[in-house]
Amino acid sequence: MTALSEYERLETEGLWRETPDAQLRRVIVSVGDTTLVLTGNADTPLAHWSLPAIVRLNPGEHPAVFSPSADGDETLEIDEELVVTAIERVKRAIDRRRSQPGRLRLILTVASLTAVIALSVFWLPQALVGYAARITPEIKRAEIGESLLTQIRRVTGPVCSQPEANRALAQIAARLGIETERLIVVRSGVATTKHLPGGFILLNSSLVEDTEDPNVVAGYIIAEQQRAAQDDPLVALFSDAGVTSTARFLTSGQIPVEALTDYSETLLTLPMEEPHIEPLLDRFRTANIPATPYAYALDISGETTLHLIEADPVAMTAYVPILSDGEWVALQEICQG
């Protein structure tokens, strides 16, 4: 089904450019309920774009040029006016749904803030931080994560990307329940993995280049998912930003760029918390990924990670491989070129 009730299926051809230096590629564009799906030959998925996040780069011009983000590095040209109109309608509908709750949320936030200040609760900075994190919706969390990622790229350099490797990375993301565009490989700045607000997970390229088993990479990602679940990344961000920046976010919905810049430098040097064992093992079980390869990657002797090895919920001989050998080799070359 599509996001528009009058259409059972809405597809057209388009011209996709994955990076500014890439050649245009003819793709099939399918408008879904919440995403725009780009497929190539043999129905091979190439990209999934979130409809709410799509930006039109040339309003009023033809053919229409869209991008999954405002930076416009990845683009899609669509000539079919019916599909262009449908995408614009969906975005207008989403904006209308956002506008009223946004105004209401602002009014409630200001009223709540005034009342709580009157009761001297917000005198404690941690109370302010916790409140700000609790009321932030998922869409806003993703927006903050993208802004923070922009700042972090000053340290990590550009995101690694190769077409074949991207497809392999997308398979890992799907297996672990992560949106493809939020699993990101970088060359430096991150020791192993880091998580950002909005579900973004950064992965150092050395984990895929210097590892023999894709289960090890999956294990690192699963562990980072658990860290994000047990320690809200927004709490850490607001705590680092301070009371003034957090209060400004509550009233304006924006975090000062300076606060994001400072935190991007702090985040990359923060020590990694140990994930809680029981929920971590549950995540391995749900993903059908053995924990033993990850355990030995952490400690080659297995002495300090024996709890993961002995309680491994997935037998090494009874699981579905996350990648084929060819896909794993392609992923290991994601930062080449």
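**Around Ser-205**

Tutor: Ser-205 touches Val-185, Val-186, Arg-187 and Cys-335, leaving aside residues up to four places away in sequence; a contact here means heavy atoms within 4.5 Å. Keep in mind that the model is predicted, so local features need pLDDT of at least 70 and side-chain atom pairs count only at pLDDT 80 or more, while totals for chains, interfaces and linings use all residues. Numbering starts from 1 along each chain as its sequence is written, and side-chain values use heavy atoms, with hydrogens and water left out.

Ser-205 sits in helix α5 (residues 205-209). Helices (H or I, at least four residues) and strands (E, at least two) are DSSP runs, numbered from the N terminus. With a relative accessible area of 5%, Ser-205 is buried; that word means under 20%, with exposed over 50% and partly exposed in between (1.4 Å probe, protein chains only).

Now for one of those contacts, Cys-335. Cys-335 forms a disulfide with Cys-160, and their sulfur atoms are 1.8 Å apart; the cut-off for calling a cysteine sulfur pair a disulfide is within 2.5 Å. Such a link is a covalent bond between the sulfur atoms of two cysteines. This one ties together distant parts of the chain, 175 residues apart: Cys-160 is in the loop between α3 and α4 (163-175), and Cys-335 is in the segment after α13 (325-332). The link is right-handed, with 100° about the S-S bond. Is each end buried or exposed? Cys-160 is buried at 4% relative accessibility, and Cys-335 is buried at 9%. Searching the whole structure turns up one disulfide.

Next, the sheet. Three strands make an open, mixed sheet in the order β8-β10-β9, where two strands pair if DSSP finds at least two bridges between them. β8 (183-186) and β9 (193-196) are at the edges with a single partner strand each, so one side of each has no neighbour in the sheet. From one strand to the next, the twist averages 25°. β8 runs parallel to strand β10 (residues 200-204), joined over four bridges, and Leu-183 has Ile-201 in β10 as its bridge partner. Helix α6 (residues 214-230) packs on this sheet, touching β8, β9 and β10, and its direction makes about 40° with that of β9. For those angles, axes are lines fitted to C-alpha atoms (for helices, over the stretch in contact), and values run from 0 to 180 degrees between N-to-C directions.
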